Amino acid sequence: MYNDLISFIKNWYKTDEYIPLHEPRFDETDKKYLLDAVDSTFVSSVGKYVDQFERGVSTYLGVKRAVATVNGTAALQVALRLAGVKKGDEVITQPLTFIATANAIAYNRATPIFVDVNRETLGLCPDALDNFLRNNAQERGGKTFNKISGKQISAVVPMHTFGHPCKMSQIKNIAQKWNISVVEDAAESLGSKLSDKHCGTYGELGVLSFNGNKIVTCGGGGAIVTNNDSLADMAKHLTTTAKVAHPWEYVHDEIGYNYRMPNLNAALANAQIGKLDVFLADKRDLANSYKDFFSTREWGEFFNEPSQCRSNYWLNAVITKDRYGRDTLLKATNNAGVMTRPVWQLISDLDMYKNCQKGDLKNARWLQERIVNLPSSARINEQG
Ligand SMILES: *Cc1c(COP(=O)(O)O)cnc(C)c1O
């Protein structure tokens with residue numbers, strides 16, 4: 001039943017060899033930048049490529065500032081701290097996300113609360129957020145507290161699953177009403193737009209990842225983006241060991257982190273950012289072809305970008321009929337050397353987080369049993 005999908009994918013990538021889910025793509029430009037960083041001897045925590053990369057990211061996104069970090073998880077941890085999340089707080093997020101979203105909350109000694117996603121975006125559902133807050137929260141002195149735990153709910157973290165934008169204006173309105181900060185986990189959605197505005201630029205702070213599996217990569221890397229200069233300055237300070245500028249003295253004015261992006265990685269990041277639009281176009285081509293393919297298939301429905309959105313289609317997804325459909329598809333494709341994967345297990349089901357408070361997670365559960373991710377790498381462009 002799945003042979004035609006397998007041939008479609010092999011044909012798209014013009015290969016009979018193993019096809020991974022998502023591979024990085026490098027060419028001569030990447031090598032040139034990397035060699036230049038090595039030759040300069042500035043391979044570590046400072047160098048021109050870090051500054052250039054931060055300017056490149058902020059210009060691309062149309063946001064005031066970007067601060068490069070060692071990875072996306074570290075960026076998220078620090079962004080949450082800057083959003084005011086402190087020990088003992090609670091932070092609302094979705095159960096259908098990569099583990100880093102919840103871990104970054106826990107690193108701040110805060111606890112996640114899981115609220116459902118919707119089926120149109122695969123991301124945090126504004127109605128579920130609104131319901132949760134109405135039923136469980138109360139305002140006191142301009143802050144929002146959980147009526148059950150007594151703890152302050154200080155932030156909400158929507159995540160743009162596979163690059164598909166969440167309903168950010170509704171989420172922002174609700175957060176504003178309750179005086180809760182919005183930190184966007186845009187790790188998967190670099191280049192995705194909602195009403196012509198980039199993902200990552202809707203919240204007070206947004207977070208990007210440049211890990212090896214993302215749309216562009218520098219091996220490992222991340223960024224915090226914001227329109228707020230003082231938050232950006234604090235992000236830079238905290239991620240660079242909180243060192244006070246001085247020509248020779250070592251003075252640190254708080255407990256910071258060594259979360260800098262090395263210049264070596266930043267060199268590669270600059271080369272890759274230059275090709276983002278090429279990758280985006282190729283991924284859109286592939287998504288359109290998958291869409292065509294699935295338009296005549298009964299057994300699976302291709303997941304389309306939500307309305308008013310332009311997704312980066314980082315990872316393509318098909319929604320199968322049921323768990324059995326999902327598992328037979330996974331088996332047939334992987335056995336044929338075409339890598340496919342189910343979506344993450346719900347974070348709220350994992351041992352570390354299973355006792356956290358949660359809303360009704362029916363959409364997340366429904367999707368969890370049905371989503372299969374399909375190969376989504378950009379094709380190789382030998383010319384670079
Ligand atoms: C990739 C990813 C991150 C951060 O990843 P790093 O590997 O630390 O760069 C965070 N959240 C989500 C949803 C991700 O997919």
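These legends walk through close-up views of a predicted model.

Because the model is predicted, local features need pLDDT of at least 70 and side-chain atom pairs count only at pLDDT 80 or more, while totals for chains, interfaces and linings use all residues. Residues are numbered from 1 along each chain as its sequence is written, and side-chain values use heavy atoms, with hydrogens and water left out.

**View 1. The shell around the ligand.** Here you see the 15 residues that surround the ligand, with G72, T73, E188, S209 and K214 the closest; a residue is near a molecule if one of its heavy atoms lies within 4 Å of it. Sorted by class, that shell has 4 nonpolar, 8 polar and 3 charged residues (Ala, Val, Leu, Ile, Met, Phe, Trp, Tyr, Cys and Pro count as nonpolar, Asp, Glu, Lys and Arg as charged, and the others, Gly among them, as polar).

View 2. An N or O atom in the T73 side chain sits 2.5 Å from a ligand oxygen. For E188, the side-chain N or O atom is 2.6 Å from an oxygen of the ligand. D185 places a polar side-chain atom 2.8 Å from a ligand nitrogen. On its own the ligand exposes 380 Å², and the protein buries 92% of that (Shrake-Rupley method, 1.4 Å probe).

**View 3. A tilted tyrosine pair.** The model has 14 aromatic pairs. In the pair shown, the ring centres of Y33 and Y49 are 5.6 Å apart and their planes meet at 40°, so the pair is tilted (centres within 6.5 Å; under 30 degrees is stacked, over 60 edge-to-face, the rest tilted). Y33 belongs to helix α2 (residues 28-40) and Y49 to helix α3 (residues 48-61), 16 residues apart.

**View 4. Two loops with positive phi.** S195, in the loop between β8 (193-194) and β9 (197-198), has a phi near 45°. Q308, in the loop between β12 (300-302) and β13 (309-310), has a positive phi of about 60°.

Key:
A polar contact is a pair of N or O atoms within 3.5 Å; within protein, one must be able to donate a hydrogen and the other to accept it, and residues adjacent in sequence count only if both atoms are side-chain atoms. Rings of Phe, Tyr and Trp (its six-membered ring) pair if their centres lie within 6.5 Å; planes under 30 degrees apart count as stacked, over 60 as edge-to-face and the rest as tilted. Helices (H or I, at least four residues) and strands (E, at least two) are DSSP runs, numbered from the N terminus.
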